[in-house]
Amino acid sequence: MVYFSGFVGLLLILTAEARIGNSSESSFCTESRECLLYDSVCKNDDYEVRHYDSVKWVSTDEECYFMDKATYTAFGRLFKYITGSNEAGVNIDMTTPVTVKIEEKKRLWQSSVFTLSFLLPSDYQMTPPQPTDESVYFTETPDMNVYVRSYGGWMMSLTSSVNSMLLKRDLDKVQATYNKDYHYAVGYDSPMKILNRHNEVWYMVEGEPVCPTSS
């Protein structure tokens, strides 16, 4: 019985770490050792449907009028966490991607709360060190299907907004159901990388995913 319990515990740990893997397994995770991996359900040139396992992130909120300003401030806060501003005083490897949760009903003249998140590496998925900054906290995304639109260049307020609108247009065209309260802006590259940059927009699937029709 003891052996069986130990086996179950090991299985749970392996399951939690299974979809955070070596960045060599992804074509656009080029600057970190580990990357969030996924199963591609279907895709065409318009959008892709992916399945992600449940994983943990370290997150922080920033209220602002524009995503660019909010992410600049929030990034610095999370970067301090992974470079030793945690109760264990340890340095934690940077992973990819970085996500920004964006409220969907934002008006231009209203501020909005942007939630920036760093993916926790596989070594810290189960027991991450506690933050010393009370505005930094842990979140967990569920096992989920996601609608994804990819684009190059720089992830900024304008490019993120345009690509989210294009993805919504494609999803509405095929009568897909998705969470319309928020979406994610997703970045894979550091500011130092100039060429072959990769960014994404995510909407959470509701119900059965609708695969894109052939272009």
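Helix 2 gives six residues to the lining of the largest pocket, the largest share. This is a predicted model, in which local features need pLDDT of at least 70, side-chain atom pairs count only at pLDDT 80 or more, and totals for chains, interfaces and linings use all residues. Residues are numbered from 1 along each chain as its sequence is written, and side-chain values use heavy atoms, with hydrogens and water left out.

Back to the pocket. It holds about 700 Å³ of space. Helix 2 (67–82) and strand 6 (98–103) are the elements that give two or more residues to its lining. Helices here are DSSP runs of H or I with at least four residues, and strands are runs of E with at least two. A pocket is an open set of points on a 1 Å grid where a 1.4 Å probe fits, with protein on both sides within 12 Å along at least five of seven lines; lining residues have an atom within 4 Å of a point.

The lining counts 24 residues, and F75, D189, S190, P191 and R197 lie nearest the pocket centre. By type, 13 are nonpolar, seven polar and four charged.

Next, A74, also in helix 2. Is A74 buried or exposed? A74 counts as buried because its relative accessibility is 1%; buried means under 20%, exposed over 50%, with a 1.4 Å probe and protein chains only.

Last, I194, in the loop between strand 10 (182–187) and strand 11 (199–204). I194 has 58% relative accessibility, so it counts as exposed.

Key
Grid points are joined across faces, edges and corners, and a volume is the space filled by probe spheres set on the points. Ala, Val, Leu, Ile, Met, Phe, Trp, Tyr, Cys and Pro count as nonpolar, Asp, Glu, Lys and Arg as charged, and the others, Gly among them, as polar.
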